[in-house]
Amino acid sequence: MIMSVVRDDRGMFKTTLYAALCSLAFASLSFDAAAADDTAAAAPSVAAVASTPDVLVPTPNLPASKPGVEMMAPIPDPMPAATTEAADPGSTGERAQGEKNCLTTAIYFEARGENTKGQKAVAEVILARARTPGRPKTICGVVYEGSQRKTGCQFSFTCDRWADLVRDRAAWKRARRVATAVMRTRGKVRPVARGATYYHASYVTPSWASHMVKVAQIGSHIFYRP
């Protein structure tokens with residue numbers, strides 16, 4: 001009789017222990033699942049982070065740059081009107097604003113590391129090109145000249161396969177001030193680029209430079225005229 005009771009107690013103990021272990025395992029699985037859900041909710045995806053840049057500068061739908069193309073290389077024939085002239089947004093004020101945006105964008109991506117004089121020189125080159133026969137007559141046309149041609153673009157940022165993201169807001173504001181001042185004076189008041197219509201970074205030597213007259217070196221850029 002005593003042995004029977006002991007066997008019964010052992011059976012009940014085993015049953016109770018098994019039930020407890022099952023409950024513990026289920027609780028552990030539930031906790032792990034909840035933790036995974038919390039982690040997924042707290043950590044945004046890489047795509048979500050990448051899709052929220054500071055400022056995206058609107059630019060035309062341009063092809064990728066061609067290997068071996070030299071920036072600022074002379075283009076003898078004018079671009080078609082559809083690619084050289086800025087679209088008419090409906091008013092003189094809006095057109096001027098669009099032109100200022102194009103000039104600011106060029107200054108930012110071409111010379112944001114330069115001082116005011118260096119940025120002014122780049123802006124003067126763009127305005128001088130807009131007055132050059134055979135070239136686009138608008139600032140936007142000059143900035144994006146050649147971007148849709150097989151010969152490649154004139155300013156590398158317009159077809160370098162990188163999105164034009166403005167990440168330094170302070171540098172953008174400085175470029176904006178320079179663009180405003182140069183457009184107001186048309187680049188003719190105290191010019192620093194000395195009539196240059198070409199330039200390149202000092203650490204490269206493009207083949208076209210040997211056929212030009214060097215007129216100035218400002219910061220990391222060397223300036224030329226034909």
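Let's start with Arg-112, which is partly exposed, at a relative accessible area of 38%. That figure falls between the 20% and 50% cut-offs, so the residue counts as neither buried nor exposed. This is a predicted model, so read every value here as computed from predicted coordinates.

Arg-112 sits in the loop between helix 4 and helix 5. Setting aside residues up to four places away in sequence, it touches Ile-107, Gln-119, Ala-171 and Arg-174.

## The overall layout

Zooming out, the protein chain has 7 helices and 5 strands. Along the sequence they run α-α-β-α-α-α-α-β-α-β-β-β. The chain has 226 residues, and 35% of them count as buried.

Among contacts with a separation of 6 or more, 72% join residues 24 or more positions apart.

## Helix 4 and its buried lysine

Helix 4 covers residues 92-111. Its 20 residues reach 28 Å from first C-alpha to last, close to the 28 Å expected at 1.5 Å a residue. Its buried residues include Glu-99, Lys-100, Leu-103, Ile-107 and Tyr-108. What covers the buried residues of helix 4 includes helix 5, helix 6 and helix 7, along with strand 2, strand 3 and strand 5.

Lys-100 is the one to look at if you care about charges. What does a buried lysine with no salt bridge have around it? The nearest side chain of opposite charge belongs to Glu-99, and that is 12 Å away. The Lys-100 side chain does make a polar contact with the side chain of Thr-180, at 3.5 Å. Leaving out neighbours within four places in sequence, Lys-100 is in contact with Arg-176, Ala-179, Thr-180 and Met-183.

In soluble globular proteins, nonpolar side chains tend to be buried together. Here the largest nonpolar core has 41 residues, and Leu-103, Ile-126 and Phe-223 have the most contacts inside it. Helices 4, 5, 6 and 7 each supply at least two residues of this core, as do strands 3, 4 and 5. Helix 5 gives the largest share, with 7 residues.

Not counting residues up to four places away in sequence, it touches Ala-123, Ile-126, Leu-127, Ile-139, Ala-179 and Met-183. Two of those names, Ala-179 and Met-183, also turn up in the contacts of Lys-100.

## Helix 5

Helix 5 is largely enclosed by the rest of the structure, because 13 of its 15 residues are buried. From first C-alpha to last it reaches 21 Å, close to the 21 Å expected at 1.5 Å a residue.

## Two arginines with positive phi

The loop between helix 7 and strand 3 holds both Arg-186 and Arg-190. Arg-186 has a positive phi of about 60° although it is not a glycine, and Arg-190 likewise has a positive phi, of about 50°.

Buried or exposed, then, for Arg-186? Exposed, with a relative accessible area of 58%. Arg-190 is exposed as well, at 75%. Both values are over the 50% cut-off, so both residues count as exposed.

Terms used: Residues are numbered from 1 along each chain as its sequence is written. This is a predicted model: local features need pLDDT of at least 70, side-chain atom pairs count only at pLDDT 80 or more; totals for chains, interfaces and linings use all residues. Side-chain values use heavy atoms; hydrogens and water are left out. Helices (H or I, at least four residues) and strands (E, at least two) are DSSP runs, numbered from the N terminus. Buried means under 20% relative accessible area, exposed over 50%, partly exposed in between (1.4 Å probe, protein chains only). Lys and Arg count as positive and Asp and Glu as negative; His and the chain ends are not counted. A salt bridge is a side-chain nitrogen of Lys or Arg within 4 Å of a carboxyl oxygen of Asp or Glu. A polar contact is a pair of N or O atoms within 3.5 Å; within protein, one must be able to donate a hydrogen and the other to accept it, and residues adjacent in sequence count only if both atoms are side-chain atoms. Contact means heavy atoms within 4.5 Å. The expected span of a helix is 1.5 Å times one less than its number of residues. A nonpolar core is a set of buried Ala, Val, Leu, Ile, Met, Phe, Trp, Tyr and Cys residues joined through side-chain atoms within 4.5 Å.
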